[in-house]
Each structure stands twice: as C-alpha cells, then as structure tokens.
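Take each task first, then compare your steps with the worked solution.

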Amino acid sequence: MASSTYEQLWRESRGALAELLAQELPAEPRKAERNAALFWHTLATLFVRYLQTARRLEACYDQGVQPQKRPVLRRLLDGVLGRLLELKHELVALQLSEYHYMDHVLHELRLGPADLEVPIPRYFLHERAKALQERREVLAEILARVAPSKTAAALRPSMPREEAVRLIQMAERMRQGRLRARFMREIRRDEERERKAREGGSREPNRAQAAVCIQKVWKGCLQRRLTQQDRLQEMAFIGMALEPQLAGASPAIIRAQLGEEFRRMRQADYEAEYQEAVDSIHDTVYEVEGPSMREEMKAQLRQWFIECRDLTGRFPDFPEEAIGGSSILFAQKTPEEVKAELDLAETQVEKKKGKEKPKEKEKGKEEEKKKEKEKKSEEDEGLKLSPSKFLAAIDQGFKEYTALWSNQDEVINFEQRYEAELIKAEKQKEVAAEIRLQVDELMRQELRHLRLAVDQEDSKAGKPPKAKTSAKKKGKKGSKEKDLTPDRTIDSLYEELVLQGIIIKPPKVQLSDYSGDFCYLGTTLRQAEIEPTPSTLDVRQNIALYAILPLGSPTVHELAPLVRSILLVGPAGTGKKMLVHAVCTETGANLFDLSPDNLAGKYPGKSGLQMLIHLVFKVAHAFQPSVLWVGNAEKTFYKKVPKEEKELDPKRLKKDLLKALSLLTAADRVLLMGASSRPYLADIKALCKAYERILLVPRPDYASRYVAWQRLIQKQGGVLTDSLDLSALAKVSDGYSQGRLARAVQAVLSERRLLQLPKRPLVASEFLQMLARAEPIYPEEEAMLQDWYTKTPLGKKKLLVEEEKRKAAESKGKDKKKKK
C-alpha cells in the first residue's frame, strides 16, 4: 500500500485518540456512576475503541518510513496497548470473570467479531531479528554438540507396541490383497480367452456402437462439469462460497506482502540516513552557531554578576552543576511553577513568624478530614475508573505530534525522508546545553578572579559546608538474591541449562493457529444468568493481553498492572501447551521447562535446587523476555503425592519457586506459565498463591470445531469439497478436543491418501472412524473443573456477589408480598 493509505490510517487514529482523550480527560471531573450495567457498557466501549486505535497505530508504525515520526508513533502505540491492559483489569474487577462478551458493543459500533482480535505488534520480532537469529544459532550449535544418538532418539517419535503391531498387520493384509487381486485378474483373463475360443474367434468390431459409447461417456462428463460450475456460481452468488478468482492468494495480496517487506527495507535505509544527518547537523551547528552562543552566554552571566554586585554589594555564588548550573538562572517557568514557589515562600514566612494559632490549625485539619470523608462516601456510592499511568503519555505524545507535524506540508516530502529543520532545532538545544557546561566552568573561574581582585574574597570561604554523608544505610531497598555463580559468564550458564534440557527450543506456532470462532450468544446467556462457555477467540484475547503484550514491550510491562504468573486449566488436548509455544513465538522469548517430569534427577539435593533456581532466574533475567513453563502444574502442589511418583519428588519446587517469583519486579519481563488438566489434585491455596491469573481453557464449541476441522484439513494438505460435510462433522465431534481432531486428521491424510484426493474426495466417515478411537472429554470432567474454579479467589468473589444478589431479590419479593 502507498504512504497515503497509512497517512489516512493515522488521520483516523488521531481523530479516535482526540475523542478518547476528551472522554477520559474531561475539563471537569465526572461523577461516579451508580448503575453497574451502564458503567460496564462504558468500559467495554472504551476497550473496543482502544483496540481499533491500537490496530491502526500498529499498522502505521510497522509500515511508516518517516524516521522522525516513528518514535512518536511508538510511544502512542505502547500507551494505547498499556491502556488496553488497564481496562482489561477494570473489566475483570467489575464482572469477576476473565472472559467478557461484547457482541452488543460490536453491534453498536458496527464492527465484526474479527475486530476483537488483539493486535500483536510486529516490532516485537522485527526490531530484535538479529539478536533472535544469533540466539537460535547458539542454541542449534549447543544441541549439535550433544551425542548424535541422543539427538536422534529425541527427534524420533516413539511408537507404542500396539500401534507397531497394527501397522505390520495392515501391511501384511495389503500384500495379501494385492496377490489375491493379481490371481483373480489372471483367472478372469484365462476365462475370457476360453470363451472367445468357444465362440469361434473374435468378431469384427462395430464402429458405430463404439462411437455411440464414446459420445455417451464424453457428453456425460461434459454435463457433470457444467453442472458443477453452475452450482459453484450459484453458491458464490448467494454468499455461501468464495468466487474462484478470490480463492487462494491473489496477485494483489502477494504484491501487498512484497510491498510491506519493501517498506521495511526503506525504514532501515531512511533510519541510517537520519542518523548520519543527525551527526552532521550537530557538528555543523556546533561549529557555526557555537561561538555566538558562547559569547552570548558569557555576556549574560557577566551582566548578572554586575547587577548582583550593585544590589547586594558582593558578587553572587555561582549555582552548582548538580542543580543545573547557570541554566536555572535563565529558565522559563510556567505560571503554575511561579505560584508554587510563592506559596512555598509564604508558608515558610508564616512558620517563622508563628502567626497561626494552634486552635485554628486544628479546626482547619478537622474541616479537611470532614471534606475527605464526604468525598470518599460519594465515591463509594458509585463506580469510577481507576487512575491511569498511560493517559498522560498518550496525551503528551498526541500533543507533541500535533505541534510538530500538524502544519507540515506532506506533499513536498513525498518520499517521507527526514526533516532537516526539525533536527536542527533539536540539535541547537543540545549544543546550547553542551556549551553552557563549558561556559559555566569558565565563568566560575572568572568569578573567582573577580572576587579576589575586587572584593579580595576567597571563593572557598563563601561556600557552604557540605553535608556529611552517613556511612549507614537509611533503609533496606529490598532483599536481593545472593549470586551463587559470580565467576561464570551468562553464556556458560545458558549452555549448561540447554545441555540439561531446561532451556528448550519451542516449535514455531502463531497465536492465530489456535483456531476457533466467536461466542455469538455470550451476552444473551449472561442476561439469562447462564455462564457461557468461552470460545477460542476469548482464550486468544486473554493470552495476548496477559502474556504477549507485556512480554513484548518493556514500557507496557513496567507501567501496566503486573502479572507474574498464569495458569492454564482445561481438559487434555485443548491446546494449553500450544498457547505457551505461541507466546514464545510471538515475543521471541526463551522457554524454560520446569515441569516436574523434566526436573526428575537433575540438580539433586537442597543445594542443587537452589543452584537450579538461581541459574534459571539469572539467565531468564539476562535474556529477556523469558517464559518459565511448568507442565502438569498440579504435581508441584500435590495434596498427597502418589506412591509411584514419590521417588521423583514433584513438590521440590514448591517453596523456592514462590520466593523467586516474589523477587520479580516490573522491570523483569519473566512470566511463569503453568498448565494443568487435573488442578483438583493440588492444594488450592498454594496453587492460587503461585499463579495470579487462572484461565479456563474449555473444549471447543460447534463454531470453533467447524473452523478447526477446516484449518486442520487444509494445513495437512487436504482439499475441501462438497462431498465433505464439515457441518455434520463438527456436530458429531462434540466432546472432543482440538488435539484429538488434529490426530484424526493426521491419521487420515497420509501420503497415499493425499495422492488419491483427485479421484476419491474426502468424506466425513473417514475422520469419524479415526476419531472414534480417541478418548472424548466427559461432562463429569468438565463439571469437576468448573467446581474447582469456584474455589479460586475470583470464583469465591463471584459466588459471594451472586449470593448477595439472590438475597436482595428474595427480600424485595417478600416486601412486595407484604404490601399486597
């Protein structure tokens, strides 16, 4: 796309940001909202609008080539993404649920379900492409040094004995079938020869009859083709199928993809030109304008010396460099700053004179306390948005962009190269600051000489004595972990963890590969007080908000509400491990496998466990972002360890992992992700203490199964035709997870079956035969997970709120009966 397209996107983003800032930063403070439903609708509308703005800003930043605009766009993009996370936490606190259904908001804004997808900025990977490539090469080199036998055994999938026997039996039956077919073909050929011999030789062929037969076959084939084409045109006309020219990657889409890569190459070229221009303009300004700046500053300071000498009778003390030097003498202060200084001076004078009586002070304090109590009571009656850490940054970036670029003529700069005048204005300030430091040093010496020559005063005598710094520390900043490996490099620690199998190479999985559809009845079910089953789109949205966005952006992670750990709970095969891999792929994070099964026999003993935790968190902190994955997370917090697992000691990480997590700060982009299909086996208090956010990953619904079947078959190389009824397949496969569907597709679409597709299209019965061998997800298992979730902190809060609502409704019903 052309630059005008992204300029149009940016103009739309500016309009949306102006409206959002006017709504969230009004001139007068808004009153609290008492209606919870209306307040939730306001929050949901803000969330969706910020989501749309973030999508536009991400496209503008990814494809923008002007090197001076992109930093401002980056700050705005990070601010909008951070505001999204804040609104997400507000929604969770209001609804007491991790999943929200905004179909009515989408209807009001005239948007579709795809507009709820959280945009994942592409700069997470593009700006770190070189570092990620080097890390992948190092990881591959370390793994290559491992014994080939071990690597081959690790890469070769293990086959169960029953499957191997079944495969051999299948091959033997196929061999016998081929032999039997050959024998039968020979027998039929001999019988045909004998029949012809009995009839007295072959008769002359009837050419007319042969021609009629050929014409019949050809006309039938032609008519079937025409009928199929008519059916496809009819389905495309009523919107039930894509037009043939739109199916697959069109030339326009290919050109757009190539254009995006070309624009990224232009970004790098323009950025290099910009940096060269910055250095050259800095040198030019320093050489051309520097001498005049220096003389002007000297003249101003000499004038200040003379005026102070005339007023006070002595030369002034020169400001120290620590407080800004001479820059504080000529700083332009705002009226608010001047007023604050005057108020501070007045209070100091009043304190010295002691005019204010203690009784009046007490009365004033009492009145202030009363006002604060009244304000708090008003706030308690209604609902208000919490203070945001990102709105100020968004407002500042918006004003900065408007001030710099609103009056710029973009027609002149058609190629979107750098603006030299803006660089010059910025470098003039930097050069002035550099020269001021040099002038300050010279004028301090000149002031010293003037004091000696005119006042015969030593400058050292006039200096106030420096405050003695106490050797004792004022307070503990926080407990820090002792470095157990001070003499080792990070690279050696990284290599050790790779060789031990702690750091693993995650498969390349995009978050969009976790396919599914939107929950269309979410709001309707909640209005009927029925909790809907979350869709895969809802799960993707939470993973993007809680894991991908904070890990990918340091700014967002530092200012957004901190989430140190996430627990994914759901039946086996619902894609929990796949979501962890998607987080690592989208953010370029390192993956540490801390599963109890993987740690069995590694770093034994108490000292070994301390060393393991130290190595993991030290390397994870050095190579941010990092994901610590704990598969079968319930084993770490077992209520009672099974006999067969006592030797593995699955609970060895229980205490040390919690201590290490408590030391993580907002600057550490390290996330603990756990996965569990049987969380009810664990101590719920300890498990919920370790994992701050608990997300239920349910089995797919009908719409998600339909999309999953479609994508899995196409990804495996299959072709979707009219003979394959996906709707019936999605209906019959109710109760099976995405993992079971994927295995069924892999089993059906073998190499031989793919070769047979042109002659024998796929049918639903083939997949159902393979699916019938898999274990479904039983309703009892889902009910156990739902019951367990009600015992979590968020589940308990929701139960209490529902109980209060029920009691309030009962009391209202009783009052109505009494009145009647």
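The model is predicted, so local features need pLDDT of at least 70 and side-chain atom pairs count only at pLDDT 80 or more, while totals for chains, interfaces and linings use all residues. Residues are numbered from 1 along each chain as its sequence is written, and side-chain values use heavy atoms, with hydrogens and water left out.

**Exercise 1.** Find the salt bridge of arginine 83 and state which helices it ties together.

*Solution.* 
- Start with the criterion: a side-chain nitrogen of Lys or Arg within 4 Å of a carboxyl oxygen of Asp or Glu.
- For arginine 83 the partner is glutamate 24, with the closest N and O atoms 2.5 Å apart.
- Arginine 83 belongs to helix H3 (residues 70-95) and glutamate 24 to helix H1 (residues 3-24), so the pair ties together parts 59 residues apart in sequence. Helices here are DSSP runs of H or I with at least four residues, and strands are E runs of at least two, numbered from the N terminus.
- Both arginine 83 and glutamate 24 are buried. Buried means under 20% relative accessible area, exposed over 50%, and partly exposed in between (1.4 Å probe, protein chains only).

**Exercise 2.** Where do arginine 753 and glutamate 766 lie, and are they buried or exposed?

*Solution.* 
- Their side chains meet in a salt bridge at 2.8 Å, N to O.
- Arginine 753 is in helix H29 (residues 751-755) and glutamate 766 in helix H30 (residues 764-771), so this pair links parts 13 residues apart in sequence.
- Arginine 753 and glutamate 766 are both buried.
- Elsewhere, salt bridges that share partners join Glu58, Asp62, Arg122 and Arg264 into one network.

**Exercise 3.** Work out the strand order of the open sheet with six strands, and name the strands at its edges.

*Solution.* 
- Strands pair if DSSP finds at least two bridges between them.
- The order is S1-S3-S4-S5-S2-S6, with mixed pairing.
- Strand S1 (503-504) and strand S6 (693-696) stand at the edges; each has a single partner strand, so one side of each lacks a neighbour in the sheet.
- Strand S2 (residues 565-569) pairs with strand S5 (residues 670-676) in the parallel sense over five bridges.
- Within that pairing, leucine 567 has glycine 674 of S5 as its bridge partner.
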